[in-house]
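Thank you all for coming; I would like to walk you through one structure this morning, slowly and with some care.

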Amino acid sequence: MSEKDAVKGKEAPEEKGFRNPGLRGANTSTLFRAFNPELFIRPNKPVMVFGLVSITLCVGYLGYMHAMKENDQQLYEAVDSEGEKYMRRKTSKWD
């Protein structure tokens, strides 16, 4: 009984049957760990922030380039066979 009272307030550091959560405690091959490192490495907040900012800037830049292309389309005033004037985008033989 005295042994139970001594351990009552404290948990034993190593209990039988205790496993690490996730795949860290599982038996896996080195090849599996090499191809799936994100399952075994702790999350790194500064790297996540850097990646999120980088992806956001790349998508923003692509949107900016698309908007500039839309605004840069060269228009000219064309006249149809009936004499009506209208704006038409310049095209090349390759379009």
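Let me start with a single side chain: Lys85 has a relative accessibility of 60%, so this residue counts as exposed. What does Lys85 meet in a salt bridge? The partner is Glu77, and the two side chains come to 3.9 Å, taken from N to O.

Strand 1 covers residues 75–79 and strand 2 covers residues 85–89, and the two run antiparallel, joined by 5 bridges. Within this pairing, Val79 stands opposite Lys85 of strand 2. Together the strands make a hairpin with 5 residues between them, and in the turn Gly83 has a positive phi of about 90°.

Stepping back to the protein as a whole, we find 3 helices and 2 strands, and along the sequence they follow the pattern α-α-α-β-β. How many of the 95 residues are buried, as a percentage? The figure is 4%. Among contacts with a separation of 6 or more, those between residues 24 or more positions apart account for 0%. The accessible surface comes to about 9700 Å², and carbon and sulfur atoms contribute 59% of that area.

One part of the surface deserves a separate word. Tyr61, Leu62, Tyr64, Met65 and Met68 form a nonpolar patch there, and their accessible area together is about 530 Å². Met68, which lies in helix 3, has a relative accessible area of 37% and is therefore partly exposed.

Finally, a word on confidence. The mean pLDDT of the protein is 78, and 69% of the residues score at least 70. Where is confidence lowest, and where is it highest? The lowest mean, 53, belongs to helix 1, at residues 2–8, whereas the highest, 92, belongs to helix 3, at residues 45–71. Where pLDDT is low, the predicted coordinates should not be read in detail, and I would ask you to keep that caution in mind as you look at helix 1, with its mean of 53.

Note on methods: Residues are numbered from 1 along each chain as its sequence is written. This is a predicted model: local features need pLDDT of at least 70, side-chain atom pairs count only at pLDDT 80 or more; totals for chains, interfaces and linings use all residues. Side-chain values use heavy atoms; hydrogens and water are left out. pLDDT is the predictor's confidence in each residue, from 0 to 100. Helices (H or I, at least four residues) and strands (E, at least two) are DSSP runs, numbered from the N terminus. Two strands pair if DSSP finds at least two bridges between them. A salt bridge is a side-chain nitrogen of Lys or Arg within 4 Å of a carboxyl oxygen of Asp or Glu. Buried means under 20% relative accessible area, exposed over 50%, partly exposed in between (1.4 Å probe, protein chains only). Patches are made of residues with over 30% relative accessible area and no salt bridge: like charges are joined within 9 Å, nonpolar side chains (Val, Leu, Ile, Met, Phe, Trp, Tyr) within 5 Å. Accessible areas come from the Shrake-Rupley method with a 1.4 Å probe; for residues, only the protein chains shown count as cover. Contact means heavy atoms within 4.5 Å.
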